[in-house]
Amino acid sequence: MAATAGGCPFTGAVARGPIEPIPVREGFDFTDPDLIADRIPLEELATLRQTAPIFWNPQTREESSFDDGGFWMVSRHEDVKAISSAREGWSSEENTAVVKFDGATVGPDERAIQREMILNMDAPRHTKVRGIIGRGSFTPRAIGRIADALDARARQIVAEAVARGTGDLVLDVSSELPLQAIADLVGFPQEDRKRIFDWSNQMVSYDDPEFDVEPAVAAAEILGYGMELGEARKADPGNDIASKLVTADIDGELLTSEEFAYFCLILAVAGNETTRNAISHGMQAFFENPDQWELFKAERPQTTADEIVRWASPIVIFQRTATTDHELHGTTIRAGQRVGMSYSSANFDEMVFDEPHRFDITRDPNPHVGFGGGGAHYCIGANLARMEINLMFNAIADLAPDIAPLGEPRRLRSAWINGIKGLPVRYA
């Protein structure tokens, strides 16, 4: 992979200059998990933005569980934003937002079950469920109530890591705060966070041979856990978000126990995996760009979290399905065809970002799509994620300012997650 200005995102290469676009061979699959396990194909994506902003990405039934031959991929920031923000003409529910499943175990029936997750709902059901969750869980007031507790937790997490001397940043640090935040916010017992961590790993790691997993079993475990918690809170409400979500508010709106269970499932992935990977990629970016680490330690710019999310793009790609015909850059997208929105590409679009391959924690404005491209499915927990990222790096800067890598990051083999499985470090 060509070196990039300010550090090579996701590979650890030393920066030398801007990337050079390279040709995209016929049949190139941007969702090949072997590819993502090695690198994010930024050079090929740069070529698409310039020459083929809508590109046919082939997939087989065995590779993806979809039997439509593939999908159209959009790579430009403006197109990702437009499709994400459209009020009609596109569906998350028809084929879900995930662009590739394990074709051996997932078919139409299994995908249909996933429509119960808010990520894969369309209006009006999505509007109703998101409204209840948003009011109950992710308001500025709700998040503000746990800010001090999360700050204390972040500092305890880092202090314990420093006491060990060396370790794996992903396990010791990156994964801990998102899990503890979910428990504090929703009302899970803190002692259950290891179970949630394991279940979420099993759900999304089906393409990685290091994980001997059964995603459907893990999903069933989370759903069962969520159903039990929802029923318990209905019978004996407490002063927590879970109780508020499953007991009627003044408008009489609430989540059923089943809806709450699927809320728990999406939290396990969206509230855990993505923030964990953003923190891990952010630390690696600081290792590759020590001037930015010195700047952060000295000034703590509030723009840091958004630049880390842009740089990391924890979700590589999500999809929509066309419900009507569309014309885009001279190409007809037929109703029923899938369209993949490449967040990795959009976040490095030269038409939007000045020197996009430079990691710059003072970047402002920063209209990245790391939390989605806007519209109804914009990440409901974006403000919580920003808080967690800022708190964690503040704690590291204060308690482990001389943190250093002891090896290269180990990447997750996945079609749609830019994941880091391990990052060996010296904390002090």
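Buried means under 20% relative accessible area, exposed means over 50%, and partly exposed lies in between (1.4 Å probe, protein chains only). Helices (H or I, at least four residues) and strands (E, at least two) are DSSP runs, numbered from the N terminus.

This is a predicted model, where local features need pLDDT of at least 70 and side-chain atom pairs count only at pLDDT 80 or more, while totals for chains, interfaces and linings use all residues. Residues are numbered from 1 along each chain as its sequence is written, and side-chain values use heavy atoms, with hydrogens and water left out.

**A covered helix**

Take helix α2, residues 42–51. Eight of its 10 residues are buried, and the helix is mostly covered. The buried residues are Leu42, Glu43, Glu44, Leu45, Ala46, Thr47, Leu48 and Arg49. What do they pack against? Their partners are β1 (54–58), β2 (70–74), β8 (338–342) and α17 (343–346). Contact here means heavy atoms within 4.5 Å.

**Salt bridges**

Side chains of opposite charge can pair when their charged atoms come close. A salt bridge is a side-chain nitrogen of Lys or Arg within 4 Å of a carboxyl oxygen of Asp or Glu. The structure holds 30 of them.

| Pair | N to O distance |
|---|---|
| Arginine 39 and glutamate 43 | 3.3 Å |
| Aspartate 207 and lysine 100 | 3.2 Å |
| Lysine 421 and glutamate 210 | 2.7 Å |

Arginine 39 and glutamate 43 are both buried.

Aspartate 207 sits in the loop between α11 (193–204) and α12 (215–235), and lysine 100 in the loop between β3 (90–91) and α5 (108–113), so their bridge ties together parts 107 residues apart in sequence. Aspartate 207 is buried, at 10% relative accessible area. Lysine 100 is buried too, at 6%.

Lysine 421 belongs to strand β11 (residues 420–422), while glutamate 210 lies in the loop between α11 and α12, so this pair links parts 211 residues apart in sequence. Glutamate 210 is partly exposed, at 46%.

Shared partners also build a network: salt bridges join Asp38, Arg39, Glu43 and Glu44 into one.

**The nonpolar core**

A nonpolar core is a set of buried Ala, Val, Leu, Ile, Met, Phe, Trp, Tyr and Cys residues joined through side-chain atoms within 4.5 Å. The largest one has 128 residues. Those with the most contacts inside it are Phe260, Phe263, Met283, Phe393, Ile396, Ile403 and Trp416. Helix α14 (residues 257–288) gives the largest share of this core, 16 residues.

Isoleucine 403 touches Leu169, Met283, Phe287, Trp293, Ile396, Val425, Arg426 and Tyr427, not counting residues up to four places away in sequence.
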